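Colleague: I am new to this structure and would like to go through it by question and answer. Could you begin with a term we will need?

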Amino acid sequence: MVCRPTSEGDHRGGARRRRTRPEPGRPAPTGAAPPRSSVGPPREGRNPLVTVLCWDHRGGRTAPRTGVPVFPLTSPPTAELHIHLEGTIEPAAVIEMARRNGVPAPAADLDELLSRYSFADLQSFLDLHYANLTVLRTEQDFFELATGYLDRARAANIRRAEIFFDPQTHLGNGVPVGAVMAGITGALADSERTHGISTDLIMCFLRDRGAAAADEMLTAILPFRDAIIGVGLDSTEIGFPPELFVDVYARAAAEGLHLVAHAGEEGGPETVTAALDLLHVERVDHGIRSVEDPDLVRRLRDEQVPLTVCPLSNVALRTVDTLADHPLPGMLADGLLVGVNSDDPPYFGGYVDRNYAALRTELGMTAAQLEQLALNSFESCFLDRAVKDAYQDEVRAHFAGHAAESPGDGGTPG
Ligand SMILES: [Zn+2]
């Protein structure tokens, strides 16, 4: 699979874009009221960035089914709770930042780099991902990275983003944590006003660096405690189970941080159970292999544990064979609190809007199902009840408007 920029523009243009820098400061505070009218639904051509289209997950571009109404015309308002900031770096930005910073690029040129955007599994993606991140060196790089995400997330109608970032990666590349934090928080500080997106940060531990390194990272981030709302656990899943991170999660809990963790992506359902019982996470990232354990499914339903599912990511990394094989519809039918997320979108075929579109066209999910997914996304986020309610009202209004335009679309797929 080779991903190519679309004809909407090119990645070089996206990488060169520069915005007036807002005053440095903290991300938007949790609990702030959602803006009501600062950003409308995305319109064609509004987004200055470009998405790499990787629809040919297993070779051959996937064609929409015939007879399925085109829906949604615009992606519903959504909270994105599983997005890795570093995973949003565009291929052209990798090449440009390497040149600008005078460091070796992971490929000779953009075409060669794009030729590597095909993955056999999670580890093969991570190998490219970490190679690409060696070009991130300065506060400006991180500012541009975060601003680029906001630009594209706005086009996908994201209204709330709880954004993962991996400072261990950058410390390992010799970048001070202060530069990382200044760049990211500078970009996100005024995101509600600039992009209509409420944002907060969740710092992830790289599980393959081990427990001692995670503990050191938590200590290193505490001077920036007010800039993050939680901690997570990502990177290589196999061989690095939740059991290794009990102590550092207990420390994070004592700091009043929210707790989430990747589990049940490549690891089995037992990793989800361990994340819940040993790490005491409030939300599970991925978790799709939970469906292999009926008792766990019942528990997730009864306790309404949020699962941040990433459909296109699961196909790109071959966690499922095709989108048609994805367990998401069944998980929704079982009453699980599942939402739609993009994970590392330039690598996996697109942002949340493309995930919704693929669920519609390739899985035949109904408007009612997509509405529930969007409602679930806000239900799952770390916001006050009243703020969640306001966002969920926006979701209902979005789908009510669509039903008025397309009566009859909302039941069974065509
Ligand atoms: Zn992830």
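Modeller: Two residues are in contact if their C-beta atoms, placed from the backbone, lie within 7 Å. The model we are looking at is a predicted one.

Colleague: How many helices and strands does the protein chain have?

Modeller: The chain has 414 residues, and 53% of them count as buried. Among contacts with a separation of 6 or more, 80% join residues 24 or more positions apart. The secondary structure of the protein chain comes to 18 helices and 10 strands.

Colleague: Which residues does UniProt list under "binding site", and how far apart are they in space?

Modeller: An unreviewed UniProt entry places that feature at His82, His84, His262 and Asp343. These residues are spread over 262 residues of sequence, yet they cluster in space. Their largest C-alpha distance is 11.7 Å.

Colleague: Is His84 buried or exposed, and which residues does it touch?

Modeller: His84 is located in strand 3, residues 78-84. A residue is buried if 20 or more other C-beta atoms lie within 10 Å of its own. His84 has 24 such atoms, so it is buried. Not counting residues up to four places away in sequence, His84 touches Phe164, Asp234, Asp343 and Asp344.

Colleague: Which residues is His262 in contact with?

Modeller: His262 belongs to strand 7, which covers residues 258-263. With 29 other C-beta atoms within 10 Å, His262 is buried. Leaving aside neighbours within four places in sequence, the contacts of His262 are Leu233, Asp234, Glu237, Asp285 and His286.

Colleague: What is the phi of Asp343?

Modeller: Asp343 sits in the loop between strand 10 (337-340) and helix 15 (345-348). Asp343 has 29 C-beta neighbours inside 10 Å and therefore counts as buried. Although Asp343 is not a glycine, its phi is positive, at about 70°.

Colleague: Which residue does UniProt mark as "active site", and what is it in contact with?

Modeller: The unreviewed UniProt entry places this feature at Glu265. Glu265 is in the loop between strand 7 and helix 11 (269-277), and is buried, with 24 other C-beta atoms within 10 Å.

Colleague: Is Arg318 buried or partly exposed?

Modeller: Arg318 lies in the loop between helix 13 (311-316) and helix 14 (328-333). Its phi is positive, about 65°, although Arg318 is not a glycine. A residue needs 20 or more other C-beta atoms within 10 Å to be buried, and 12 or fewer to be exposed. Arg318 has 17, so it is partly exposed.

Colleague: At what angle do the axes of helix 5 and helix 7 cross?

Modeller: Helix 5 covers residues 139-155 and helix 7 covers residues 177-188. Helix 5 passes helix 7 in a right-handed crossing. The two axes come within 7 Å and cross at roughly 35°.

Colleague: Which residues meet there, and what is their make-up by class?

Modeller: Helix 5 contributes Glu139, Gln140, Asp141, Phe142, Phe143, Ala146, Thr147 and Leu150. From helix 7 come Ala179, Val180, Ala182, Gly183, Ile184, Gly186, Ala187 and Leu188. By class, the contact has 10 nonpolar, four polar and two charged residues.

Colleague: How far apart are Val180 and Leu136 in space?

Modeller: Val180 is in helix 7 and is buried, with 26 other C-beta atoms within 10 Å. Beyond residues up to four places away in sequence, Val180 touches Phe142, Pro167, His170 and Val175. Val180 and Leu136 are 44 residues apart in sequence, and their C-alpha atoms are 9.2 Å apart.

Colleague: Why do the buried residues of helix 10 line one face, and what do they pack against?

Modeller: In helix 10 (residues 246-254), the buried residues include Val248, Tyr249 and Ala252. Seen down the helix axis, the buried residues fall within an arc of 100°, so they line one face of helix 10. An α-helix has 3.6 residues a turn, so residues three or four places apart point the same way. The buried residues of helix 10 pack against strand 5 (198-206), helix 9 (211-221), strand 6 (230-234) and strand 7.

Colleague: Which residue with a positive phi follows helix 10?

Modeller: The phi in question is near 80°. The residue that follows helix 10 is Gly256.

Terms used:
Residues numbered from 1 in each chain as written. Predicted model: local features only at pLDDT ≥ 70, side-chain atom pairs only at ≥ 80, totals over all residues. Axes fitted to C-alpha atoms, helices over the stretch in contact; angles between N-to-C directions. Helix = DSSP H or I, 4+ residues; strand = E, 2+ residues; numbered from the N terminus. Left-handed = near helix turned anticlockwise from the far one by under 90°. Nonpolar A, V, L, I, M, F, W, Y, C, P; charged D, E, K, R; others polar. UniProt positions renumbered as here; feature names shortened; annotations may be inferred. Arc of directions from axis to C-beta.
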